[in-house]
Amino acid sequence: MAKSENIKWHHSKVTKEQRRILNQHKSAVVWFTGLSGSGKSTISVELEKELYNRGVRTFRLDGDNIRYGLNKNLGFSPADRKENIRRIGEVSKLMVEAGLFTLSAFISPYREDRDEIRELLDEDEFIEVFVNASLETCESRDPKGLYKKVRAGEMKGFTGIDAPYEAPVAPEITVNTDIQSIEASVQTILSYLITKGYLK
């Protein structure tokens, strides 16, 4: 990929801190990672509703939604997966700069890619949520019918089956949707955000 040349950063006269003061809350990325069918998108939708009800300004980025526009030119090869997550990391950072809570729900199978996004942000601005569910549970849910296609030999390179998924080593939050309901998972995340001072 060609690199941009002859560019210079143009600074704003409104800072991230000023935007946070205006919004009356901190900003951060809540990054949901887990297998397809683990509950990432569902939990992020419900968390967004709860934050909205608390007067928190949010924006939700979802794996499938992003591929309709920003990343519609990317496939699912390892290189494309990496570029997909790199772009989302940069967008998430912009959202944090704007003073928003950004809810990013992506399989994001590679630990290195998630760590690179963490490095983009200031300390405490990246909150990794491991949405942990067994492959058996995810396959039994199969919300998009993808596991069925994989088992029928109609798809290759599917995360968790014939492509790797690297679980987080030390996520800020883990929810186990094998045993936790969506509501309980949302409350686990909210409790963390309140305890750590992100929310009042």
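Five strands make up an open sheet, ordered 2-3-1-4-5, with parallel pairing. The model is a predicted one. Strand 2 (58-62) and strand 5 (173-176) are the edge strands, and each pairs on one side only. On average, neighbouring strands of this sheet are turned by 15° against each other, direction ignored. As a general point, strands of a sheet pair through backbone hydrogen bonds, either parallel or antiparallel.

**Strand pairing**

Strand 2 pairs with strand 3 in the parallel sense, over five bridges. Here arginine 60 stands opposite leucine 103 of strand 3. Strand 1 and strand 3 run parallel and are joined by five bridges. Valine 29 has threonine 102 in strand 3 as its bridge partner. Strand 1 and strand 4 also run parallel, again with five bridges between them.

**Strand 1, inside the fold**

How many residues of strand 1 are buried? Six of the six are, so strand 1 is largely enclosed by the rest of the structure. In a regular strand the side chains alternate between the two faces of the sheet. Both faces of strand 1 are covered. Ala28, Val30 and Phe32 are buried on one side. Val29, Trp31 and Thr33 are buried on the other.

Helix 8 lies across strand 1, strand 3, strand 4 (126-132) and strand 5. Its direction runs at about 165° to strand 5.

In soluble globular proteins, nonpolar side chains tend to be buried together. The largest nonpolar core here has 22 residues. Phe32, Leu47, Ile189 and Leu193 have the most contacts inside it. Strand 1, helix 2 (40-53), strand 3, strand 4, strand 5 and helix 8 each supply at least two residues of this core. Helix 8 gives the most, with five residues.

Which residues does isoleucine 189 touch, not counting residues up to four places away in sequence? They are Phe32, Ile43, Leu47, Val129, Ile173 and Val175. A second core is separate and has 11 residues, including Val29, Trp31, Ile66 and Phe126.

**Aromatic pairs**

A pair of aromatic rings is described by the distance of the centres and the angle of the planes. With ring centres required to lie within 6.5 Å, the count comes to six aromatic pairs.

Tryptophan 31 is buried, at a relative accessible area of 0%. Phenylalanine 106 is buried too, at 2%. Ring pairs also join Trp31, Phe106 and Phe126 into a cluster.

Phenylalanine 101 is in strand 3, and tyrosine 198 is in the segment after helix 8 (182-195). The two are 97 residues apart. Both phenylalanine 101 and tyrosine 198 are buried.

**Charges over rings**

Tyrosine 198 also has a charged neighbour: the charged end of lysine 26 sits over its ring, 5.7 Å from the centre. Elsewhere, the charged end of arginine 67 sits over the ring of phenylalanine 76, 3.9 Å from its centre.

**Aspartate 122**

Aspartate 122 is found in the loop between helix 5 and strand 4. Is aspartate 122 buried or partly exposed? Its relative accessibility is 46%, so aspartate 122 counts as partly exposed. The C-alpha atoms of aspartate 122 and lysine 93 are separated by 9.5 Å, and the two residues are 29 apart along the chain.

Terms used:
Residues are numbered from 1 along each chain as its sequence is written. This is a predicted model: local features need pLDDT of at least 70, side-chain atom pairs count only at pLDDT 80 or more; totals for chains, interfaces and linings use all residues. Side-chain values use heavy atoms; hydrogens and water are left out. Rings of Phe, Tyr and Trp (its six-membered ring) pair if their centres lie within 6.5 Å; planes under 30 degrees apart count as stacked, over 60 as edge-to-face and the rest as tilted. Buried means under 20% relative accessible area, exposed over 50%, partly exposed in between (1.4 Å probe, protein chains only). Helices (H or I, at least four residues) and strands (E, at least two) are DSSP runs, numbered from the N terminus. A charge sits over a ring if NZ of Lys or CZ of Arg is within 6 Å of the ring centre and within 35 degrees of the ring normal. Two strands pair if DSSP finds at least two bridges between them. Axes are lines fitted to C-alpha atoms, for helices over the stretch in contact, and angles run from 0 to 180 degrees between N-to-C directions. Contact means heavy atoms within 4.5 Å. A nonpolar core is a set of buried Ala, Val, Leu, Ile, Met, Phe, Trp, Tyr and Cys residues joined through side-chain atoms within 4.5 Å.
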